There are 2 protein chains.
Amino acid sequence: MDSHGKNHQKEHKHDDDDVSLKPVTLSKYSKRVELKTLLERSDRGVGLVGKRVVIGGWVKSSRAVKKDSPPPPQPPVASAVTPPSNSSNHQASTTANISCTEMIQSKMNIFRKLFDVLSGGGKTYPIFDKPELAAHKTAKPPEYVIYFMISDGSSVSNLQVVVDSTMSSVPATQLMALGTCIVAEGVLRQPMAASTKYVIELEAEKLLHVGTVDPEKYPLSKKQLPLHILRDFSHFRPRTTTVGSVTRVHSALTLASHTFLQYNGFQYVQVPVITTTGFGEMFRVTTLLDGTNDKEEKKHVREKDGFSIDTVKAAIKEKTKLIDHLKRSDSNREAVVAAVHDLKKTSDLASQLEMKQKPKAATLVKPEKLDFSKDFFGCEAYLTVSGRFHLESYASALGKVYTFGPRFVADKIDNVRHLAEMWNVETEMAFSELDDAMDCADEFFKFLCKYLLENCHEDMKFIAKRVDKTITSRLEATSSNSLLRLSYTEAISVLQKTTTRTFETKPEWGVALTSEHLSYLTDEIYKGPVIIHSYPKAVKPFYIRLNDDKKTVAAFDLVVPKVGVVITGSQNEERFEILDARIREFGFTSEKYEWYLDLRRHGTMKHSGISLKMEHMLLFATGLPDIKDAIPFPRNWGKLNN
Amino acid sequence: MDSHGKNHQKEHKHDDDDVSLKPVTLSKYSKRVELKTLLERSDRGVGLVGKRVVIGGWVKSSRAVKKDSPPPPQPPVASAVTPPSNSSNHQASTTANISCTEMIQSKMNIFRKLFDVLSGGGKTYPIFDKPELAAHKTAKPPEYVIYFMISDGSSVSNLQVVVDSTMSSVPATQLMALGTCIVAEGVLRQPMAASTKYVIELEAEKLLHVGTVDPEKYPLSKKQLPLHILRDFSHFRPRTTTVGSVTRVHSALTLASHTFLQYNGFQYVQVPVITTTGFGEMFRVTTLLDGTNDKEEKKHVREKDGFSIDTVKAAIKEKTKLIDHLKRSDSNREAVVAAVHDLKKTSDLASQLEMKQKPKAATLVKPEKLDFSKDFFGCEAYLTVSGRFHLESYASALGKVYTFGPRFVADKIDNVRHLAEMWNVETEMAFSELDDAMDCADEFFKFLCKYLLENCHEDMKFIAKRVDKTITSRLEATSSNSLLRLSYTEAISVLQKTTTRTFETKPEWGVALTSEHLSYLTDEIYKGPVIIHSYPKAVKPFYIRLNDDKKTVAAFDLVVPKVGVVITGSQNEERFEILDARIREFGFTSEKYEWYLDLRRHGTMKHSGISLKMEHMLLFATGLPDIKDAIPFPRNWGKLNN
């Protein structure tokens, strides 16, 4: 397969003088043209007819037509694996150029049988083993024109690529399987058959690379899998059109966030992930349990004959000395790591040899009592719950700051709105109060909606078709109206007034609003996003500013239909005495929050900020029902793939 | 202090009809004008003379002039705390309007004495207790015009704010201390004294808020602290002009990275921080050691009289049932967290009561043997070392992708180039080889240099003055030249040829290049950044593509003078058999890398990518010598503040 790539490079050099043979190169840092640059031009690519290009991508669908048959009447469906037309031996022999869709309609049972054979049939391709076809193995194989729909993920659109089966050393069935990677060079032309779907296709002249799939093991080749099954294959699922589109929308939201905030004068600040401060259920970060994870690797160290345990121990001593020397002499990390790696291999060998002597000895470290002063940082360390504490430090110097990073909660909850690792955009503004934070949330949220409408047209169209028809109108309505703001007290009063509905948690002043309450308010009463502010102090964290009524705090949530809270925000307590008292009220120790209290001791000011939950925003924007589909590699209680 | 803020708001409403009294509001989400919008206009603010504004910021320097004295002849120095002119009782009585600089020059000893009293003298302000001044306490205090230099962090520039001491209820000394937060409303005017430094100043009419500092405890009030001392106060150091500028440059680099990559067709992908895969020394993420960290909190739960252990236990049972119910009913996280928090308080109370019965019982969990199948994720979990593995999965579907996130190495190294938590910009490009990755690194790196020159003029000027005079010329030279590329073999040969220098690690083919080698090549031989590629396979990780010589791999480093490696890059192995063999060659198990191998089983293609170390880039751009100053909250072996 690789020799193709080589030829390609050589040919390029050779062709340098002949302009007509030189491929158009419109893609940076990649040896092919991105399909987006061909298909998303205003002329949909017509102006490029006759140009030579190299494209690369993955097979979305394919079908074969016997040579000298007329060109196919319509494009194939994008979602199914299409068998090559040598399926003709299954009664379809008279209609070699039949499309997959038609075949499904007319010969469903036959197709299913064939499909099973194709996708689950092991490493060989059994249809070629049928008596009629076996002859082909010795004789000349049948010649087909194969029509591929190829996606390269640069946009939702696919390019039709026409390949002559004689061009390939890989059997047609293998070439045509869903997910096969193809790099082809050829000339852009208008399709032979009239089509309303696309105006150009590629007539391939050579295949530069083919990366096959193993249909026995490739999960996506089975059938169009529902999103919840795809989650078990998070490394493959971006190859589906839906997850591809969602990822591009996610990417757009990220750029839109940076753009909005920097344009409005916010400075980006890199807040840490490992921290000493936090609250709630947190993940601990440690290196104290080292040794337990080497077990597996040790099993695989191959024993070297003739090495005595003493020789190996002497080598360990020497290598340890070298590492100490490298560390002292401020060498670069790589040299140290290489030396450490080398040492590790040697000491693994030593353990291996020692284990042979005492085969029953346990390799597990047994931490009788953990001493965190001996841990990596010399103290207990956790994964951050929120970046706003650290942001406050920088807002107290730079005014308006923001960050974007992972936040972790170790709550043992597994539902469609919860992740153990989420990514938040957080801001903090000096000289700012609750209403400023609500303004910021309101405008930021609407900007993101508008940005998607203006910049992700094709992907939003596809997601609307596949996931939720209402998303476009929802985003349009949201981006053009100011959001309703009501206090928690008003919200409770609205909930209490309802006669049509009973709630599991009775809406009484003082309770935390449940998802059932929020859903009733946004889905049924206001039919759109609302901001709820001024919560009872007991249902929000200790650091939020106490209002003058001493009962409520200056916090708010931006709540949207179906999803729930997308943005939280608050004016945090700037008064030393009150913050100090509230820390103790919650049963925490002031020592842990000394540096945070420091910000109130010296040059304190009113300040507020917001926290946008990126994955929840994506749920709102796409209509996806489960948050596990709004992040590439979800991390959840009891589940950690990859 | 807060009543000021309140008045402010009320007055705004009151003034709504009187346009002449209405402050100019140019800042979003904050109740003041950002200084940048006043000072960085092309007219340096002259066009705003006569406008009413509210500003907020922190005192950088200050000095007092007795009322009815002529205006001060020149602006104060920006870096020192200036005593008020009631220092006049220390021989300076005849020159009440003397500037701090002059005073330092003429009366150094006296100034020092006064300075010590001011900055270290406890909570009262002893200079007022001198016999001469004690009288003022009962009589009318002396009246001063105070000249502040105020910074709000929106830019490197300060605004001079002129305040009449009678305006403030806070004593002048307290008001004038370095770091005091001041929100003032007033009118912009041209300075009374001719100045070349600035063309507008603010004549304050009211102080809306004062956030004092406690000079006894405020570290920055002592003197101008060197960077390595400031590191102990990472929550305060952005208030220094240097760290403020470095932060703004960091922010610009972040936006520039997203802009460059998205403009060039890369999609942002959110790769995970918690992972199962990796190599080298890694941090473990766990919740198995829970309980050990509750110790402290339990100490502080106040015992409620009259609660028997049985009452409390019954309450725990009820509350646990409620939580189970909430979790099952898909409630929002907040409700669950509130309930869990409530339960925790109750069960802490229970422990407290039980401990009273058996005061010697240990509260530490003693994990005799850790069973990671019982850990949060049901398996062993680590903090990610690199995002490129996960990016490869998305590049195999979307073509060109990138990410920006924290990367962790638990190597016990503490030097000026190493952090345990670093932030990298990583890319992965499908259909791309080593030379494409080098092109990407080259252009990305130069784009960042150019971006800073064009967008951070004022901050770069300040950093050049304070940290490294050569940075501007270095960035200019870098951004306009193509980077030299040489192979590892060529680099070794250059190192071997030197006669003027001996290296601790002898440059022989096969050794990892040390920082000493890299420094010699970039600082002495090429005097600028170079790209070194095609390293021996043993010094690079297992996943890098094996070259045809079977001895080297397709990796490169972009190395810059003084700093070392800023970008690493590689074409990773796309051939299943070779990757599988190399995993075993390194002593790892294939099982751990199954999903990564999967990408080679199904639709594989050539691909390459880069990894830019953001903090190292910032070192290159600013000339800072220690990486701990290139990230707000550095995480290092044996050290974890905040």
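Visitor: Is Ser251(B) buried or exposed?
Guide: Ser251(B) is buried, with a relative accessible area of 1%. Buried means under 20% relative accessible area, exposed over 50%, and partly exposed in between, using a 1.4 Å probe and protein chains only. Bear in mind that this is a predicted model, where local features need pLDDT of at least 70, side-chain atom pairs count only at pLDDT 80 or more, and totals for chains, interfaces and linings use all residues. Side-chain values use heavy atoms, with hydrogens and water left out.

Visitor: Where is Ser251(B) found?
Guide: In helix 8 of chain B, residues 241-263. Helices (H or I, at least four residues) and strands (E, at least two) are DSSP runs, numbered from the N terminus.

Visitor: And which residues is Ser251(B) in contact with?
Guide: Leaving aside neighbours within four places in sequence, Ser251(B) is in contact with Gln262(A), Phe266(A), Gln267(A) and Tyr268(A). Contact means heavy atoms within 4.5 Å.

Visitor: What rotation superposes chain B on chain A?
Guide: One of 180°, with 0.0 Å of shift along its axis and an RMSD of 0.1 Å. That is the relation of a two-fold axis. The copies are superposed by least squares on the C-alpha atoms of residues with pLDDT of at least 70 in both.

Visitor: Which residue of chain B comes closest to the rotation axis?
Guide: Val285(B), whose C-alpha is at 2.5 Å. The same surface serves both copies, as 97% of the contact residues of chain B recur in chain A.

Visitor: OK, switching to chain A. How many helices and strands does it have?
Guide: Chain A has 20 helices and 16 strands. Of its 642 residues, 60% count as buried.

Visitor: How do helix 12 and helix 19 of chain A pack?
Guide: Helix 12 (residues 388-398) and helix 19 (residues 594-601) of chain A pack at an angle of about 30°, with their axes 10 Å apart. That makes helix 12 of chain A roughly parallel to helix 19 of chain A. Angles under 35 degrees count as roughly parallel, over 145 as roughly antiparallel, 65 to 115 as roughly perpendicular and the rest as oblique. The axes are lines fitted to C-alpha atoms, for helices over the stretch in contact, and angles run from 0 to 180 degrees between N-to-C directions.

Visitor: What about helix 18 of chain A with helix 19 of chain A?
Guide: Helix 18 of chain A (residues 576-585) packs with helix 19 of chain A at about 160°, with the axes 9 Å apart. That makes helix 18 of chain A roughly antiparallel to helix 19 of chain A. Phe576(A), Leu579(A), Asp580(A) and Ile583(A) of helix 18 make the contact with Tyr596(A), Leu597(A), Arg600(A) and Arg601(A) of helix 19.

Visitor: Back to chain B: how many residues of helix 12 are buried?
Guide: Eleven of its eleven residues are buried, so-called "mostly covered". Gly399(B) follows helix 12 of chain B, and Gly399(B) has a positive phi, near 90°.

Visitor: Which phi does Phe431(A) have?
Guide: A positive one of about 60°, although Phe431(A) is not a glycine. Most residues other than glycine have a negative phi. Phe431(A) is found in the loop between strand 11 (421-430) and helix 13 (434-455) of chain A. Phe431(A) is buried, with a relative accessible area of 6%.

Terms used. Residues are numbered from 1 along each chain as its sequence is written. Chains are lettered from A and ligands numbered from 1 in the order in which they are written.
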